[in-house]
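Subject: Structure handover and notes

Dear colleague,

Here is the structure I promised to pass on, and my notes come after it. Please read them beside the model.

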Amino acid sequence: MKTSSYKFSLNMAVCTAVLTALSAGAWPAGTGYAAEAAPNPGGGAIKDAAAVTETRQPADNVRVALFIETGRYTSRASAVTLSSESGLTVALREASGLKPVHAAQGKEAVRAYLDGFYIQALVTPDSAAASAKLQTLKAAGTHAGIIARVKQGKQQYTVYQGPYANQAAADAAAKGVQGGAVLGPRHLNAGMFATEAEAAAQTAALVQAGFEADVAVTAGGFAAFVGAEADEAGLASLRTKIAAALPAVQLSDVAPGQAYVLKRSELIPGEQGLQAAAALIAGGDAKLWSLPANGAGGGVKVAERSGRSYRGGIEVSAFGGKLAVINEVPMDSYLYAVLGSELSPSWPIEALKAQAVAARTFVGKQGNKYEIAHVSDTTLDQFYKGIEAEFPAAQQAVDATRGEVLTYKGALIDPLFFSNAGGLTADSTEVWGNPVPYLVSVPSPDEGAQNGKKLWYRIVLPSGAIGYIHSDYAKDTGQKNAAGFPIYEANAADVNIRSAPYVDNTANPAIAKTEAGSRYVVIGETMESNAYSWIRGPYDAAKLKELLGGSLPASAAGGVRSLEVSKRGPSGRALEVSVNGEAVKSSYPDALRSLLGGLPSTRFEIEEWGRYTIQGAGGASRDGSSGQPLYVAGGSGAVQAYKPEQFFALSGDGTVKAVSVKPQFVFTGSGFGHGLGMSQWGAKGLAELGHDYTYILKTYYTGVALTKSAP
């Protein structure tokens with residue numbers, strides 16, 4: 001299907017009817033969020049499930065990556081701040097069991113991070129000076145913290161920044177820090193002790209003598225670790241100094257890879273300014289394991305993850321030399337929060353049950369996708385916002401389907417789901433390029449996403465630009481312009497006018513603002529963009545060139561003159577888009593969404609404002625495009641060239657089209673998400689029609705079986 005052209009009769013009255021406009025309103029991307037349907041590593045698509053001979057059942061516990069850096073997914077953090085309403089128990093997690101490290105009171109914050117290379121940016125007895133330095137570093141985007149010590153009887157605050165990947169990186173960064181010194185992960189062991197109190201006494205003696213020392217918790221007991229050196233030379237120098245100052249202290253090396261946790265006191269931002277907090281620094285292969293105290297509910301709060309709280313426990317460790325924060329949680333508890341994050345409490349219970357089975361199957365299908373975690377907490381896998389997202393109906397749906405998964409020929413399927421199909425789901429060939437027997441295109445009752453959405457009026461601004469105004473902010477004056485179009489009046493000032501009928505201050509910022517009482521011509525109206533139907537654009541040639549970048553064909557070097565869908569799949573989704581008649585490079589069909597600026601789906605039409613068809617007398621017609629001359633004949637028969645930057649054309653059915661000299665492109669589409677598998681809005685629609693969750697699942701996943709996994 002080609003880019004739409006437009007037949008019209010030119011009406012000069014419309015060309016000159018430009019007044020003012022406004023817009024406002026909001027729309028969600030759909031009630032639910034969806035697992036993304038990206039190809040497998042190496043560019044390959046999902047394998048035919050029939051080729052799998054062993055069914056992988058979901059694990060009892062799910063490991064969810066909150067922060068991790070892998071080749072498949074990256075979410076970075078330099079440190080995390082943990083707490084719990086009931087108090088927090090932190091332990092060193094070993095294969096042999098748990099070694100207690102720290103017990104925090106209710107709501108008491110604990111800061112956790114990795115031992116590594118840092119820069120000592122400031123040492124001061126003044127907490128205000130330390131606080132100011134911390135704020136300066138954070139304002140510059142630098143990760144930083146404050147260590148609080150009593151050294152030789154005096155309070156001391158050390159502001160550090162980092163971590164850095166290695167000593168070379170830290171050395172290079174330190175050159176730009178006045179008085180900066182590199183701190184490293186190399187320590188000397190000044191003794192092993194049966195109790196923490198004994199280790200603390202040894203540590204205090206070292207600090208009193210002028211050395212940096214901390215209590216360390218290891219699998220073998222408590223220790224006094226001294227120093228924070230970057231290399232062996234630093235350790236050798238430290239050993240000599242300690243021997244001279246404290247000859248009775250017996251020093252030993254810390255074995256490479258030995259698991260330990262250093263205990264310090266730090267200052268962290270709180271509601272009343274800086275506050276003291278325990279800091280736990282994981283070294284070697286250490287895994288810090290945090291649980292609510294005494295098995296109480298309420299979960300563990302992770303401040304750096306939007307302050308969300310999670311059931312189960314939080315594990316902090318090193319993965320690939322970077323901080324990894326994993327929430328390990330029982331399967332059902334995980335699913336409670338997934339359903340709460342993906343769907344709405346008002347949705348029918350059968351739709352929630354269908355989501356529960358799909359989500360459970362999804363986890364089982366992933367295996368250890370991120371090596372030390374099964375899934376992430378984002379829509380790359382399944383949206384997971386923790387305890388606060390839960391609601392009773394979600395728990396009911398999970399409990400009612402406990403252990404149930406979807407299989408095809410005995411193997412777990414890849415149960416992809418998404419927000420809205422726009423009336424018809426995708427075939428797997430339309431997303432990945434190869435067929436999967438249980439992922440075929442089926443009708444989907446998705447219209448419910450439009451319910452309750454307001455109208456937006458399409459208006460013409462004094463500049464000639466077209467904008468949209470939310471219907472709540474305009475009223476009909478009862479008057480019409482010379483072309484017969486209604487004149488509306490703004491009922492409020494400073495309301496945003498936008499290029500498309502939805503609110504997104506980043507993707508769809510205001511193009512103008514209203515003045516109370518200003519008037520403008522309305523040339524059309526449309527429903528607020530939603531998960532079922534939407535509008536994006538207009539994008540000019542320069543914007544498209546920026547978006548498509550290296551995916552553009554060679555012919556676009558001189559500019560984008562045309563843009564059209566050149567191939568479509570069984571559901572009408574775009575498989576290929578062409579610029580100037582040549583295909584845009586795309587690794588797989590669904591990647592077109594990202595290439596074109598993050599379109600909600602690939603089920604779209606493209607309207608080019610620079611292309612049109614003039615219908616003359618006797619059925620004669622002429623195609624026109626951007627830059628071609630256009631002539632207008634007046635009542636006297638005189639002909640004159642018409643050369644505005646943009647004009648408006650009135651078709652025979654009364655529809656108005658904008659025609660611009662420079663090409664501009666508007667995308668009008670339906671659906672939200674990749675389109676593969678189960679539509680969440682469609683599942684809601686089927687449930688409202690009286691269908692149960694088994695029917696819903698077998699509608700969207702063709703030929704599958706609902707299997708009860710072993711307890």
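The notes below go from the whole chain to its cores, sheets and single residues.

This is a predicted model, in which local features need pLDDT of at least 70 and side-chain atom pairs count only at pLDDT 80 or more, whereas totals for chains, interfaces and linings use all residues. Residues are numbered from 1 along each chain as its sequence is written, and side-chain values use heavy atoms, with hydrogens and water left out.

The chain holds 13 helices and 47 strands, where helices (H or I, at least four residues) and strands (E, at least two) are DSSP runs numbered from the N terminus. Of its 711 residues, 53% count as buried; buried means under 20% relative accessible area, exposed over 50%, and partly exposed in between, with a 1.4 Å probe and protein chains only. The chain exposes about 29,200 Å², of which carbon and sulfur atoms supply 51%, the areas coming from the Shrake-Rupley method with a 1.4 Å probe and, for residues, only the protein chains shown counting as cover. Among contacts (heavy atoms within 4.5 Å) between residues at least 6 apart in sequence, 71% join residues at least 24 apart.

In soluble globular proteins, nonpolar side chains tend to be buried together. A nonpolar core is here a set of buried Ala, Val, Leu, Ile, Met, Phe, Trp, Tyr and Cys residues joined through side-chain atoms within 4.5 Å. The largest one has 84 residues, and those with the most contacts inside it are V80, I314, V316, Y334, M678 and Y701. Helix α7 (residues 349-366) gives the largest share of this core, 9 residues. A second, separate core has 22 residues, including A574, V579, L596 and F667. Leaving out residues up to four places away in sequence, V316 touches V80, L82, A112, A286, K287, L288, L323, A324 and V325.

Y334 also belongs to the buried residues of α6. This helix (residues 331-342) has 12 residues and reaches 16 Å from its first C-alpha to its last, close to the 16 Å expected at 1.5 Å a residue, the expected span being 1.5 Å times one less than the number of residues. Because 12 of the 12 residues of α6 are buried, the helix is largely enclosed by the rest of the structure.

For the sheets, two strands pair if DSSP finds at least two bridges between them. Strands β34, β45 and β38 form an open sheet in the order β34-β45-β38, with antiparallel pairing, and its edge strands are β34 (533-540) and β38 (604-608), each of which pairs on one side only. Neighbouring strands of this sheet are turned by 20° against each other on average, direction ignored; axes are lines fitted to C-alpha atoms, for helices over the stretch in contact, and angles run from 0 to 180 degrees between N-to-C directions. Six bridges join β34 to β45 (residues 664-670), and Y539 has F665 in β45 as its bridge partner. Helix α10 (residues 541-548) lies across β34 and β45, running at about 105° to β34. Within β34 lies P538, which a cis peptide bond joins to G537, with omega about 5°. S670 lies in β45 and, at 15% relative accessibility, counts as buried.

A further open sheet of 3 strands has the order β25-β24-β47, again with antiparallel pairing. Because β25 (411-412) and β47 (705-708) stand at its edges, each with a single partner strand, one side of each is left without a neighbour in the sheet. Strand β24 (residues 404-408) and β47 pair over 4 bridges, with T407 opposite A705, and α7 lies across β24, β25 and β47 at about 65° to β24.

Strand β9 (residues 144-151) has 7 of its 8 residues buried, so it is largely enclosed by the rest of the structure. With β10 it forms a hairpin that has 2 residues between the strands, and Q152 in the turn has a positive phi of about 50°. P163 is in β10, and the peptide bond from G162 to P163 is cis, with omega near 15°.

S306, between β19 (300-302) and β20 (308-310), has a positive phi near 60° and counts as exposed at 64% relative accessibility. E371, between α7 and β23 (375-376), has a positive phi near 70° and counts as exposed at 59% relative accessibility.

Best regards
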